[in-house]
Structures are given as C-alpha cells and as structure tokens.
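Subject: Structure handover

Hello,

Please find the structure below. My notes on it follow.

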Amino acid sequence: MNEITEAMVEADPALPIVRVVRDFTATPAQLLRAHTDPELFVRWVGPDALSTRIDHWDARTGGSWRYVSTDGDTEYWFHGCFHEIGPRRLVQTFTYEGAPDGVALETLWFEELGGGRTRLHSQSLVDSFEARDAILRSGMEVGVAEGYAKLERMLDDGAV
C-alpha cells in the first residue's frame, strides 16, 4: 500500500461527494482527538492565513459545534452537529454560514495501517453537483492541505 502524505482531494463523478484521503503517523485515537478536542482543533484546522476561534463545542454524539475562522476583519462562520463519534469514525454535518442553504454530511473514518500509521478518509455529501463544485472552487483544497500539514506537525511534536 502506498503512503499518502499529501491530502488527496477528489470529486466523485457519479455522486455530489468530495473525498479526501491522507496518511498520518498517528493512531486512530489521536486523529479522533484532534477532530473532537476544541483546543487541538483550532490549532490545525484551515489554511495558514486564517485563525480559528470556537463559539460553541459539544463533542458527543448528538452534540453540536460552531466556530469562526478569521482573516483580519473578515470572518467565516461554520456550524454543525455531531451525529456519531466512535473510536474510528466521526459523522457530522457542516454548514458554511455564508451559504446557509448548503449542508454537507461529513463522514470521517480512520484506517489503521500498522507501524504507527493511520489513513484518514473523509467524504462530504452535499445536495447537488453545483454545491459540490462550489466547495471545490472555494479553495477548500488549500485549507485541507495546509490544515493537515499543521496537524502532522502537531503529531510529530507530541501535541496530540
């Protein structure tokens, strides 16, 4: 199995889904913690040019979250609900408040590869191909790549 050290982002040609795959030197538990602990999450999520602050965070099955990413005076608000938090899987909704009619159903799962490596898989399902393509045009690929690079450094430093 080839090692995937850069985030691979792809659009499904048959469904309005965006998939991301990336390998980390981490356990599934570390990756789940990085996605559910608000103090860790704000340190790695998003592009390098933005900083993130939590407004609300209730990381449990049935809980919800809301955060803002800022670039100077510009704010980008996001919110969603945690539908399932399990040891190897996280299911949540995701809404960018600048496009409040668009809700993505995100599923992340952590595939243990052995040797201290885990492959993170995520998929985001939206209601139309237009919405999927708008997500891809939004620059999300840069945010995912830079965010996961920050997460990898945090894992290397023992912060997670």
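How much of the chain over residues 26–155 is helix and how much is strand, and how far apart are the end C-alpha atoms? The chain there is 32% helix and 42% strand, with 7 Å between the end C-alpha atoms; helices (H or I, at least four residues) and strands (E, at least two) are DSSP runs numbered from the N terminus. UniProt lists these residues, in an unreviewed entry, as "domain: Activator of Hsp90 ATPase homologue 1/2-like C-terminal".

This is a predicted model, in which local features need pLDDT of at least 70 and side-chain atom pairs count only at pLDDT 80 or more, while totals for chains, interfaces and linings use all residues. Residues are numbered from 1 along each chain as its sequence is written, and side-chain values use heavy atoms, without hydrogens and water.

Beyond its neighbours within four places in sequence, Trp44 is in contact (heavy atoms within 4.5 Å) with residues including Ala34, Tyr148, Leu151 and Met154.

Glu152 is also found in α4. Leaving aside neighbours within four places in sequence, Glu152 is in contact with Arg22, Asp23, Phe24 and Thr25.

Regards

Note on methods: UniProt positions are given in the numbering used here, feature names are shortened, and annotations may be inferred rather than shown by experiment.
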